[in-house]
Amino acid sequence: MSRAAAPLLELRDATKSYGAVRALRDGNLAVGSGEVRALMGENGAGKSTIVKVLGGVVRRDAGSMLVDGQPVDFHSPHDARDAGIAVIYQEPTLFPDLSIAENVVMGYHPLGALRRIDRGEMHRRVQALLDRLGVRLDPERPVRGLSIADQQIVEIAKALSFEARVLIMDEPTAALSGPEVERLFSVVRTLREEGAAILFISHRLDEVFAIADSVTVMRDGAVVHDAQIAAITPDELVRRMVGRELSALFPKQRTEVGETVLKVHRLTREGVFFDISFEVRAGEIVALAGLVGAGRSEVARAVFGIDKQDAGHVELAGRELPPGKPLAAMRAGIGFVPEDRRQQGLIMDLSIARNATLTRMGTLARAGLIRSAAEHVLAREWATRLQLKFHRLDDPAAFLSGGNQQKVVLAKWLSTEPKLLIVDEPTRGIDVGTKAEVHRLLSELAGQGVAVLMISSELPEVLGMADRVLVMHEGRLAQEFSRAEADEESVIRAASGRAKAAA
Amino acid sequence: MSTQAAPAGAPAPADSARARRLTEWVFRVRELGIIVALGLLILVTGILEPRFLDTDSLRNLALNASIFAVLAAGQTLVLVTRNVDLSVGSVLGLSAYLAGDLLSKHPGMALPLVFLLGMALGAACGLLNGVLVTWGQVPALVVTLGTLYVFRGIAFLWTDGSQVNAETLPDPFLDLGTDSLVGVPILVIIALVVLLLVGQWLRDFRAGRELYAIGSNPDGARLAGVRSERRVLSAFVLAGALAGLGGVLFTARFGTVDATAGVGYELTVIAAAVIGGVAIFGGTGSVYGAGLGALLLGTITSSLIVLKVEAFWQQAAIGALLLLAIAFDRLVGLRVDAALRRRSARRAA
């Protein structure tokens, strides 16, 4: 597939350490003009570090970087951008107070007379970009309040806003729905035909095989494999990533289904979800499926009392929960693993130990003071049980990879011995190996009689893990499936609102 | 591709446009609210005490607000970047004494030069603040709290207990503080020009927009290629320079300057900006709002003095106004968020 002599962008023997942690070694990577290269690996394998090095966010410790065969050195994201490298980062980098248009062109506003910003031109340009991405968003609308999917679209528009020769995408599709992913891919294909070099990071194998020409696999901070996509099978790819065979991604245990733990009765939040009623019983895993924005997370937030419902009520083990009171929900025995672990699941600056034991502060304290020895004992116990990979328990949670961060969030809730565990996208952005571990954990919990309410956008996860599947569409429960009934096609049909008659 | 691509929500653009109008309306209502409050205040005070509506009295009102408006414009630049400058009162004191000292010793000195030196001194102070905040990576609150005392201390050392008196200052300089040009006090004209220049810079120039970006999401700004350090530094330097300008204007207006000139101004200035809708956590607000906030604060103080209300109540009134403004922002913010959320949810569904 290499259509050009010298690769557009090349990294040779790059290394990067954060303190004692070697995040990257043997960083070798080349992307040519007209090539889409997938970068794959488990979380913590060093993919994000490579992206940061290429994007000028961090500087490599050693090795060289070449653009068009010429050695370059980026001191800031600005330098990378000037070299024609556009990056879509995993974490949102938007400015909530500013308009979509300004978010897209920030720092590179089109200028008119006297170097004043030409707003008309700015809006035209951004409108054209949004049209190209096939979304109906008003460029003059503020970004605040946009759904995650729309925010992702703005990120993509931002990266496409200048004539980038290299486009690096760190999990751009994580929050997108099917048609949106398709549109993004058609734009990527156009860019490829125009001769751009594209580096694409995703955990979704089907996407990688749909769009990539070649693939680089990383493991434990090093590049371990480099292949043309045609010359590798999905199974081999997974094996190279995890360094071992994956027997089962979804180790579902048979469990005894017990008493009703959670009862949700006619729950409504104006403009978000309507008339939602369902039950979750002990030992049962119930999946809430649906498209992004269907209101699944919002239902979960209302059940846990983060948002107050406008009508309806929630019962836990027969007792009604006061609306809008997460603390009461916690005391009643609900654990909540939120979708956005960076912002809502963890306190990134606090230590791993503190994060893992936050929910147990009361029992760890003596006379109101937390004993760090007890904190460490408890944290270490859970770290072992969940096979957490960490350097020191005193390191900030931010130092962990995504999958390990999720384990800390799980530890935090599991130590409270919840009756009901709500998990929102438990494996989003988590590598294959850790994914299976999280699945095993959830399955074990259900086996111990915990009721699990799982929100997931990944169909294999829903079908593989759930005893029952509730499908939401536009804020309403569209259809319910038993484990036996649920298959990919019927769930998708219900989620896209084409199965109303059947319900 | 594009034919099957149309998302489900056909009314999306209309919703989006409504969302935009909503936010625009909120900002307008914000500045309008201050103007209405201002009008009511002047009206009520005028009814209770007609002397308040004398040309002289209103003139004084505008003159007092002018210096605060200049400082508030500078403060807005810093606040928008999610920083704060507590040292502006002390910087004003330094440059006020500099202007008085220079002119009493060299009465023939060209006035533009005095203004330039005052602003340069302010800019130097701002540079120190900015360097400590950006390169030193110390929070602005701590840095400028420190320099508040340091600059004031320097002023005490420098003046050594002496003061500059109006008699020793040249008349053309003092006239600046009282004279009018086609009926409008020169001080007010200067303040308006400053507001307009800074306002335009923030609205229509890349550097200005980047300040908002930095305040709205500091990490995001860096990733977008904004040279944040440089921008924040320039915001502090400009705020310092404007505080310096305020100092020269202070001397021109009051004539008498000692080491305590401008003590406590920083809080009034920040209050003015916040009342005018500048978010203390950065990202939003305009200098025009801040200017209006300064005018409203000045008017309240004056009207309470005219109505012979005790000093304690003046402070309480300002405090109450501040809380009211913040509560209003929060309330409106929540409602707008809810409205935007509803629209976005409907669109995505």
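Author: Taken over C-alpha atoms, the centres of domain 1 of chain A and domain 3 of chain A are 33 Å apart. This is a predicted model, in which local features need pLDDT of at least 70 and side-chain atom pairs count only at pLDDT 80 or more, while totals for chains, interfaces and linings use all residues. Residues are numbered from 1 along each chain as its sequence is written, and chains are lettered from A and ligands numbered from 1 in the order in which they are written.

Reader: What makes up the domains of chain A?

Author: Domain 1 is 9–242, domain 2 is 253–333 + 419–503, and domain 3 is 348–417. The bounds come from an automatic or database domain assignment.

Reader: Why is A:Met472 called buried?

Author: A residue is buried if 20 or more other C-beta atoms, placed from the backbone, lie within 10 Å of its own; 12 or fewer make it exposed, and anything in between partly exposed. A:Met472 has 25 such neighbours inside 10 Å, so it counts as buried.

Reader: Where is A:Met472 found, and what does A:Met472 touch?

Author: A:Met472 is in strand β21 (residues 468–473) of chain A. Strands (E, at least two residues) and helices (H or I, at least four) are DSSP runs, numbered from the N terminus. Leaving out residues up to four places away in sequence, its contacts include A:Leu288, A:Gly290 and A:Leu477. Contact means that the two C-beta atoms, placed from the backbone, lie within 7 Å. A:Ala289 is 183 residues from A:Met472 in sequence, with 6.1 Å between their C-alpha atoms.

Reader: Why is A:Asp68 called partly exposed?

Author: A:Asp68 has 15 other C-beta atoms within 10 Å, so it is partly exposed. A:Asp68 lies in the loop between β4 (62–67) and β5 (70–72) of chain A.

Reader: What is the phi of A:Asp68?

Author: Its phi is positive, about 55 degrees, although A:Asp68 is not a glycine. Most residues other than glycine have a negative phi.

Reader: Which residues of helix α18 of chain A are buried, and how do you know that they line one face?

Author: In α18 (residues 488–495), A:Val491, A:Ala494 and A:Ala495 are buried. Seen down the axis, the buried residues of α18(A) fall within an arc of 100 degrees, so they line one face of the helix. The arc is that of the directions from the helix axis to the C-beta atoms.

Reader: What covers the buried residues of α18(A)?

Author: The cover includes β13 (285–290), α17 (459–465), β21 and β22 (476–482) of chain A.
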